[in-house]
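Hi,

Here is the structure I promised to pass on.

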Amino acid sequence: MTDIAKRFTQNPVLSPIDLQPSRPGLEITCLLNPGVFTFEGKTWLLVRVAERPEQQQGLISFPVLKGDGIEIIEIQANDPELNASDPRVINYKGLDYLTTLSHLRLLCSDDGIDFYQPEGYPLLKGETDQEAFGIEDCRVALLDGTYYLSYTAVSGQGVGVGLRTTKDWKTFESEGMIIPPHNKDCAIFEEKINGKFYALHRPSSVDLGGNYIWIAESPDGIHWGRHKCIIQTRKGSWDSKRVGAGAAPIKTEKGWLEIYHGANAGQRYCLGAFLLDLNDPTVVLARTADPIMVPTAEYELTGFFGHVVFTNGHVVHGDELTIYYGAADEFVCGAKFSITEILNALTYD
Ligand code: MAN
């Protein structure tokens, strides 16, 4: 057993019933994968809220954004042109759709455990055609007083990385799609290195290559280049099928420590870690052979999509790393790690 996470005894911290749907006619199916940051002395979560209409017998229905509103698409469950074998995505008449529509919602807390929705902060919703199936799994990076929100933008055109920035969490600048499909899991470093922005990201390829983690650099945090593949899946391992970055890398004396997710062919999502050179983060120094967190708790095994722990947000206090994570794609949970313990679990090349 290599799981070194200390899960909150209060888990799940948030369940779908804890919040109100964004509009009449929809219900919250999943609360998951929050971006995390500190602001005005509080811990904040930017939670992914996945919604759909209440499901009727024999019918599959889901919302997509249209103009300022939503359109509900309804398909007979027994339609021969429907493939609904994955609870998260469906294929109908050769086109892919998501079963839920996600927006991002701000919650805050004084103790990092009890979260509430404060007054006066907007919901972040899909705004463009490229976001018609929603926005998801936002990473939040703070650089020089600006928060960079890198999130997954989904539509029939594909899955890419969108960027918005804010200083006050009330007004936002949209920079549009910064990395085109198919790409997600984009985590921006919270410090420039040798004058440049860096980000981890995850293109997907079904043929040559794979679901690997890449790094890129940028002069301004918006335009990205010099892409380089740094972490690949490992055959026969817990991360054999896909890997993707978590939140912004953590600066340690040994290097930039990144917590990432890896899944095997059975779609079990675990967490591991790798270490990048402090001065040249395109160089991988070490990686954990085994996962540091494995879905084992009931709320991680059973839910909308079971056997999943997935993180894209954390807070660091000295040696203590508190991650917030999506469990079974349905709940938001918390766990603590010792950074030293994670560093000790790394295998150097
Ligand atoms: C995958 C899963 C879903 C997600 C889509 C689009 O299928 O991660 O939860 O909605 O990709 O990003």
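Histidine 182 sits in the loop between β13 (172-179) and β14 (183-188); strands here are DSSP runs of E, at least two residues long, numbered from the N terminus. A cis peptide bond links proline 181 to histidine 182, with omega about -10°. There is another cis bond from asparagine 11 to proline 12, omega near -10°, and proline 12 belongs to the loop between β1 (6-7) and β2 (27-39).

Before you go on: this is a predicted model, where local features need pLDDT of at least 70 and side-chain atom pairs count only at pLDDT 80 or more, while totals for chains, interfaces and linings use all residues. Residues are numbered from 1 along each chain as its sequence is written, and side-chain values use heavy atoms, with hydrogens and water left out.

Aspartate 137 has a positive phi of about 50° without being a glycine; you'll find aspartate 137 in strand β10 (residues 134-143), and at 5% relative accessibility it is buried (buried means under 20% relative accessible area, exposed over 50%, partly exposed in between, with a 1.4 Å probe and protein chains only). Alanine 328, also not a glycine, has a positive phi of about 50°. Alanine 328 is in the loop between β24 (320-327) and β25 (331-338) and is buried at 0%.

Then there's β21 (residues 269-276): eight of its eight residues are buried, so the strand is largely enclosed by the rest of the structure. Tyr269, Leu271, Ala273 and Leu275 point one way, Cys270, Gly272, Phe274 and Leu276 the other. β21 pairs antiparallel with β20 (residues 256-263) over eight bridges (pairing takes at least two DSSP bridges between two strands), and tryptophan 256 stands opposite leucine 276. The two strands form a hairpin with five residues between them, and glutamine 267 in the turn has a positive phi of about 60°. β21 also pairs antiparallel with β22 (residues 284-288) over three bridges, where phenylalanine 274 has arginine 287 as its bridge partner.

Last, the cavity search. It turns up one cavity of 30 Å³ or more in the whole structure (a cavity is a set of points on a 1 Å grid over the protein atoms alone where a 1.4 Å probe fits but cannot get out, and lining residues have an atom within 4 Å of a point). The largest cavity holds about 70 Å³, and its lining includes Arg23, Glu51, His103 and Lys125. Strand β9 (residues 101-109) gives the most to that lining, with three residues.

Cheers

Note on methods: 1 Å grid on protein atoms, 1.4 Å probe; cavity = no way out; pocket = protein on both sides within 12 Å on 5 of 7 lines; lining within 4 Å. Points joined across faces, edges and corners; volume = space filled by probe spheres on them. Helix = DSSP H or I, 4+ residues; strand = E, 2+ residues; numbered from the N terminus.
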